[in-house]
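Here is a short report on one protein model. Look over the sequence and the 3D view, then read on.

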Amino acid sequence: DRSPSRGLGDVYKRQHPDFWLMVRDHRSEAIARDQLRVTTLLCPDSALMLKGRLERHRPTVDVLVLARTDKEAGQAHLKDFALERHQVSCTDWLDEPQTPLKQLTQLAKKTARSRWGRVRKVQQAGHRAFQALAWERVQRGARLLSQGRVVVTDRLHAHILCMVLQIPHIVLDNSYGKLSEFIRCWYREDPLLSLVTSRQEAEEVALQRLANCATES
């Protein structure tokens with residue numbers, strides 16, 4: 001019986017009695033508990049465990065804008081963000097270069113679908129390649145965000161890495177409120193973070209942040 005009145009959680013409980021769903025914010029927790037009826041555990045994003053493993057590099061521009069270019073992008077149109085008399089660079093995670101390691105993992109995907117994909121050593125090699133690519137992407141993200149004295153973003157993991165790297169940053173929500181829910185759950189107030197609701201507010205706060213950076217230096 002998979003009727004909506006019973007909830008997905010009732011099905012999971014029968015098939016997997018020890019099933020737990022980990023969620024990152026209170027809204028997700030309520031949905032999982034009340035609509036899916038599954039056992040939930042509120043926990044921070046695992047990327048926060050990178051603290052101490054990443055290095056902040058010297059900034060090269062005043063503002064680095066890391067803006068979504070997919071269907072989750074909000075209404076602030078950050079890709080053309082600009083500040084008069086300040087250097088601004090705009091990019092996204094998706095603007096990813098084709099590295100040798102990325103090519104290797106693409107080969108590993110093809111191999112996994114072939115008869116060789118059943119060979120244990122081939123599986124292990126593919127796993128190591130994907131792990132290495134994941135770390136390469138994290139390091140690239142750290143270098144990218146480090147370019148800005150101040151960062152403006154509507155991506156959750158850009159916010160998280162800025163917290164890890166101790167970079168002053170300004171956050172706007174994505175299309176369905178993911179960032180604000182996470183921030184209200186874990187970071188309500190932090191001197192590194194400014195949660196804003198509009199492009200104009202982001203510009204004003206960025207100018208304030210840059211003025212503070214100049215004073216501190």
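Leaving aside its neighbours within four places in sequence, which residues is Ser 194 in contact with? They are His 169, Ile 170, Val 171, Val 205 and Arg 209. Contact means heavy atoms within 4.5 Å. Ser 194 is found in strand β7. Ser 194 counts as buried because its relative accessibility is 15%. Buried means under 20% relative accessible area, exposed over 50%, and partly exposed in between, with a 1.4 Å probe and protein chains only.

A note on the basis of these values. This is a predicted model, where local features need pLDDT of at least 70 and side-chain atom pairs count only at pLDDT 80 or more, while totals for chains, interfaces and linings use all residues. Residues are numbered from 1 along each chain as its sequence is written, and side-chain values use heavy atoms, with hydrogens and water left out.

**Helices**

Helices (H or I, at least four residues) and strands (E, at least two) are DSSP runs, numbered from the N terminus. Helix α6 covers residues 178–186. Its buried residues are Lys 178, Leu 179, Ser 180, Phe 182, Ile 183 and Cys 185. They pack against α2, β2, α5, β6 and β7.

Two packed helices are described by the angle between their axes and the distance between the axes. The axes of α4 (residues 120–146) and α5 come within 10 Å and cross at roughly 75 degrees. Axes are lines fitted to C-alpha atoms, for helices over the stretch in contact, and angles run from 0 to 180 degrees between N-to-C directions. The two helices α4 and α5 are therefore roughly perpendicular, a label for angles of 65 to 115 degrees. On the α4 side, Gly 141, Ala 142, Leu 145 and Ser 146 take part, and they meet Ala 158, Leu 161, Cys 162 and Leu 165 in α5.

**Rings and charges**

The charged end of Arg 53 does sit over the ring of Trp 135, 4.7 Å from its centre. That label needs NZ of Lys or CZ of Arg within 6 Å of the ring centre and within 35 degrees of the ring normal.

Two residues in the loop between β3 and β4 are listed here.

Technical notes:
Parallel < 35°, antiparallel > 145°, perpendicular 65-115°, else oblique.
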